[in-house]
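The paragraphs below take the elements in turn.

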Amino acid sequence: MKAFLMHRDHDFDLQQELPWSEAALTQDLGLDILFNTMARGDKFLFEVAKTVILSGLSELDNIRYRQDILKDCLKNPGVVRSLYEIPIEAMETRKKDYWLWGIASRPSSILYSSVDVLEMFVDRLRKLRNVADEHAGSFESEGFARLFTLFKEELSDEYLVGIESHLRELRFKRGVLVSAELGKGNQATNYVLRKPYEGRDKPKGRLLARKSPVYGFRIDPHDQGGGRALEELRDRGINLVANAVAQSADHINGFFETLRTELAFYIGCLNLSDQLTQIGEPIAFPMPAAVNERQHSFRGLYDVCLALTMEQKIVGNDANADGKSLVVITGANQGGKSTFLRSIGLAQLMMQCGMFVPAESFTANICNGIFTHFEREEDVTMESGKLDEELGRMSDIVEHLSSNSLLLFNESFPATNEREGSEIAGQITRGLLEKDIKIFFVTHQYEFAHRFFERKMGNVIFLRADRKPDGTRTFKLIEGEPLQTSYGEDLYNRIFKQGRRRLKSEDRTETI
């Protein structure tokens, strides 16, 4: 059986290799905050969330397939959570007996421990079928419809009762009937496990049962050597059956593991949705566009990790960058530029793994890869300068870039003077645009931003962090021409004037 809750035609691979940009994305976008919220302290949920979000999809149909399943989960959270508990129960119960199953070496030991596990699995399979019987009508997605149909058809009462009957027979309470042939040197060969006469358990059956045409014998209970010889004959007879039952147990256990893994992603999404609802932040299912299109428009887009950290609603942004390949973001210091940039990266990752996004509405084209080049704190142990370090990271990114990737720059190349930094940033940006790379660039370098503004390029849009006349930051980004100042004096006045007022207040207190 297959769950097919993450892909239409194959299982989700939790052990897949993560993209090269994993570490930078996690650091620059604060992804651990997102993963921890989805996990709620569960290490397994954390690993699933991390792998799924960082290993995004690249085809529209696959993204929409997951979106539809997630919509069902949001409409039926209680059912999905109870469904998730069933494979966990099965796997936890199996772990309790694993020490016996894992060290078993004799066919009889393997058989009996496998039968124990299968009897427990049958009970959990029946629970899955009951969920399908009770709640299938509440789910509309292709993924859940197929899964519930599978439960109903493959796990019918007749099928489960038949399995239980076979498992009871495999207990061999009436003993093991084995046939064999004599081979070379009168050595026994061709051991075959035989089915006992079914009427032997009934009194009438025992009377009417045909007597064996061969001689029999009994082994004295104190004859240890004879007992071991008889056990060896028994093990040879049931060896093939023991292996088959053990493989069946492994197969069903594998299905429970897959079901748990694929449901874990949606459980993480439910946890995140619950937290954002509690804060009062909106979520929306994005409208993904083809990879070769240039679409990027949204309303109320916010940095989900900042909202989760502050545990309150934060300012969202609206913009329409459809048809644009370069978005240049300038404006006042501490005006929300870096926060906005993170919201772009987070929304893209969430969209491409089939999740909802932190916005009122969101549309964007799929990207072949997502990369970040954020300013780093200077490392005093570096043998080379900070500019060399930035250029080195840029070189590494270029080696992994492909057309229609998304690259987020945050205050890149400031480790030199304005003129040189603007020239470096400009040359890199122009080269990337020629290779069909989509770029969001937060910068304080006026010369770099203004050069692109003067060219009046149709595929470039300029956003600016809003600032009121009194210096107040609204944390909103508006479309507008780059300005030559970032209003650093606002920060100076806020820090030092407030400090002087505080000192004067303290002086007055001492005087009194």
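Strand 6 is covered on both faces: Leu-326, Val-328 and Thr-330 are buried on one side, and Val-327, Ile-329 and Gly-331 are buried on the other. Here buried denotes a relative accessible area under 20%, exposed one over 50%, and partly exposed anything in between, with a 1.4 Å probe and protein chains only. Because six of the six residues of strand 6 (residues 326-331) are buried, the strand is largely enclosed by the rest of the structure. In a regular strand the side chains alternate between the two faces of the sheet. Strands and helices are DSSP runs numbered from the N terminus, a strand being E over at least two residues and a helix H or I over at least four.

The model is predicted, so local features need pLDDT of at least 70 and side-chain atom pairs count only at pLDDT 80 or more, while totals for chains, interfaces and linings use all residues. Residues are numbered from 1 along each chain as its sequence is written, and side-chain values use heavy atoms, with hydrogens and water left out.

Two strands are taken to pair if DSSP finds at least two bridges between them. Strands of a sheet pair through backbone hydrogen bonds, either parallel or antiparallel.

Which strands are joined to strand 6 in this sheet? Strand 10 (residues 438-442) pairs with strand 6 in the parallel sense over four bridges, and Ile-329 stands opposite Val-442 in strand 10. Strand 11 also runs parallel to strand 6, and six bridges join the two; Gly-331 has Ala-465 of strand 11 as its bridge partner.

Strand 11 (residues 460-467) in turn is joined to strand 12 by four bridges, and these two strands run antiparallel. Leu-463 has Glu-479 in strand 12 as its bridge partner, and Arg-464 has Ile-478 in strand 12. The two strands form a hairpin with five residues between them, and Gly-471 in the turn has a positive phi of about 90 degrees.

Arg-473 is found in strand 12 (residues 473-479). With a relative accessible area of 12%, Arg-473 is buried. A polar atom of its side chain lies 3.0 Å from the backbone oxygen of Asn-333; a polar contact is a pair of N or O atoms within 3.5 Å, where within protein one must be able to donate a hydrogen and the other to accept it, and residues adjacent in sequence count only if both atoms are side-chain atoms. The C-alpha atoms of Arg-473 and Gln-334 are separated by 7.7 Å, although these residues are 139 residues apart along the chain.

A further open sheet has four strands in the order 3-7-4-5, with mixed pairing. Its edge strands, strand 3 (287-289) and strand 5 (317-320), each pair on one side only. The twist in this sheet averages 20 degrees from one strand to the next. Strand 4 (residues 296-301) and strand 7 (residues 361-365) run antiparallel and are joined by four bridges, with Arg-299 standing opposite Ser-361 in strand 7.

Among the helices, helix 7 (residues 107-135) packs with helix 9 (residues 157-169) at an angle of about 170 degrees, their axes being 10 Å apart. That angle makes helix 7 roughly antiparallel to helix 9, since angles over 145 degrees count as roughly antiparallel, under 35 as roughly parallel, 65 to 115 as roughly perpendicular and the rest as oblique.

Arg-40, in the loop between helix 2 (31-39) and helix 3 (43-54), has a positive phi near 55 degrees. Phe-413, in the loop between strand 9 (406-410) and helix 15 (418-434), has a positive phi near 60 degrees. Are these residues buried or exposed? Arg-40 counts as exposed at 51% relative accessibility, whereas Phe-413 is buried at 0%.

Technical notes
Axes are lines fitted to C-alpha atoms, for helices over the stretch in contact, and angles run from 0 to 180 degrees between N-to-C directions.
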